[in-house]
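Please keep the sequence and the model at hand while reading.

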Amino acid sequence: MQEYKLFINGEWVESGTGETFDDFNPATLELMARLQKATVNDVQHAVESAEEAFDSWSSKPAPLRGKILFRAAQMLEERKEKLSRLMTQEMGKILKEARGDVQEAIDITYYAAGEGRRLLGETTPSEMPDKFCMTIRRPIGVVGLITPWNFPLAIPAWKIMPALISGNTLVFKPASDTPLLSIELVSILTEAGLPKGVLNLVTGEGNTVGGAIVHNKKVRAVSFTGSMETGIRISREASNDMKRVSLELGGKNPIIVMDDADLELAIDGVLWGAFGTTGQRCTAASRVIVHKKILAVFQKRFIERTKKLKLGNGLDERTDMGPLINNQQLQKVTGYVDIGIEEGAKLAFGGKTAGPLPGYFFEPTIFTDVSPDMRIAQEEIFGPVLSIISTDSLNEAIDIANSVVYGLSSSIYTDNIRNAFKAIEKLDTGITYINAPTIGAEIHLPFGGTKATGNGTREAGTTAIEEFTEIKTVYFDYSGKLQKAQIDVEQV
Ligand code: UN1
């Protein structure tokens, strides 16, 4: 049995109490590893070592910080297959998708490495002569990162790499269901030359470890991806000492299928959007809003296709859908199926635990005759449960799409350019896809959502740097005399 430690100030150390927790394979229920439960005191040490490392790391020229990231990206690339297999075992997603997750981490690492030679500010004229105006970017300081289990490598990398290239030092708490990929990532960055104290890893219980990060006054910003409930709590608690908080929370992402859509393309897309990663993406399509004219044929063919999905161990290349992450999620998904039936929706397919192995398998599940205000059509389920809702116009479809508290991703299948542009304009989400499902964001574009999906942050893309830098505005007066803005300016 492999045991892993905390990584504080460049060393692997036991937690203060030596207490541990277990990490299981969700498909086979085999015990994979044992990890440390960090204490509040351990988090304090991690924060102190990040604080100590800050001066030297933030003073290092960004292109040199970039070199370390570049090496880490190469190492991730070399170890892609090993990391992907580990991910499938620890998280359950099928191997192809695990490779995608690792690739997303590789992509953001190269991208962030390149940012070391940009980190762009602006220059702009002054309203007065002999005066120069510009903005520069500075790191925030010690930053806390709290990440979920559904993208065990990509999401940590989305946060860690932009935060590092910007010159911050970090205290990082990965999800307790998937800590092994984070341990690999920290090891790779260390091997690539990251100095001690710059990145500290604390595993353990969310309330204790996450709470200690959020409550620590020396932590100047917290970046969190996870549930809305936890996000609200973090936001409230972090406001006590004016921390910067970035939140990526839930979704209830709709796909609109118009009567002019390419039906086979739409079915392919909804199948992938709803049941890819067993529905455990915040971008997963959990509602499909279908035009009445094509509803019957869409439902029939979609159910036929869903029936063919093969559940099983993600390491087997023939598997289409792996298990849910843990028993708690299994109970949650099962509970929502009961709710859907009670609400009067029709369970058209699935709805039960399943699978050839002892793990947390759940059938791909389809509800038809769903009305937009039902709980199954409003609340995030985070599992393979799709609600089919019918509509007779684009305007109504857009109203239904927008009728939830979340606003992460949305999609429309249509061959009509007017419908497409109307959807782009009116769908109240951070991301909209045309003729593609709600999942599949690329790392060089901003990622995030409106309404309860977050607090306005966009991760990845050029916005990744915004998340982890402070802007300083610089006025450089070389006139040699006192010039007063707005007052000594000749108005014409
Ligand atoms: C998430 O589910 O939190 O767009 C992230 C996608 C992936 C990222 C999902 N590239 O589905």
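A cavity, as the word is used here, is a set of points on a 1 Å grid over the protein atoms alone where a 1.4 Å probe fits but cannot get out, whereas a pocket is an open set with protein on both sides within 12 Å along at least five of seven lines; lining residues have an atom within 4 Å of a point. Grid points are joined across faces, edges and corners, and a volume is the space filled by probe spheres set on the points. The model is predicted, with local features needing pLDDT of at least 70 and side-chain atom pairs counting only at pLDDT 80 or more, while totals for chains, interfaces and linings use all residues. Residues are numbered from 1 along each chain as its sequence is written, and side-chain values use heavy atoms, with hydrogens and water left out.

**Domains**

The domain assignment, which is automatic or taken from a database, gives domain 1 (2-249 + 454-474) and domain 2 (253-434) in the protein chain. Their C-alpha centres lie 31 Å apart, and the contact between them (heavy atoms within 4.5 Å) takes 23 residues from domain 1 and 28 residues from domain 2.

**Pockets and cavities**

The table sets out the spaces, with residues classed as nonpolar (Ala, Val, Leu, Ile, Met, Phe, Trp, Tyr, Cys and Pro), charged (Asp, Glu, Lys and Arg) or polar (the others, Gly among them).

| Space | Volume | Lining by class |
|---|---|---|
| Largest pocket | about 1100 Å³ | 14 nonpolar, 17 polar, nine charged residues |
| Second largest pocket | about 310 Å³ | ten nonpolar, six polar, four charged residues |
| Largest cavity | about 90 Å³ | six nonpolar, five polar, four charged residues |

The largest pocket has a volume of about 1100 Å³, and of the 40 residues that line it, W149, F224, G226, S227 and T230 are the closest to its centre. Two or more lining residues are given by each of α7 (206-215), β11 (219-225), α8 (228-238) and α11 (327-343), where helices (H or I, at least four residues) and strands (E, at least two) are DSSP runs numbered from the N terminus. With six residues, α8 gives the most to this lining of the largest pocket, and at least three residues are drawn from each of domain 1 and domain 2.

The second largest pocket, with a volume of about 310 Å³, is lined by 20 residues, of which E104, F151, R281, G440 and A441 are the closest to its centre. Its lining receives two or more residues from each of α4 (95-115) and α5 (154-165), and the largest share, four residues, comes from α4. Because domain 1 and domain 2 both give residues to the lining, the second largest pocket lies between them.

A search of the whole structure finds three cavities of 30 Å³ or more. The largest cavity has a volume of about 90 Å³, and G279, A284, S286, I381 and F382 are the closest to its centre of the 15 residues that line it.

**A helix pair**

The axes of α3 (residues 80-91) and α6 (residues 179-191) come within 9 Å and cross at roughly 155°, the axes being lines fitted to C-alpha atoms over the stretch in contact and angles running from 0 to 180 degrees between N-to-C directions. Angles under 35 degrees count as roughly parallel, over 145 as roughly antiparallel, 65 to 115 as roughly perpendicular and the rest as oblique; α3 and α6 are therefore roughly antiparallel to each other. K82, L83, L86, M87 and E90 of α3 make the contact with P179, L180, L181, E184 and I188 of α6.
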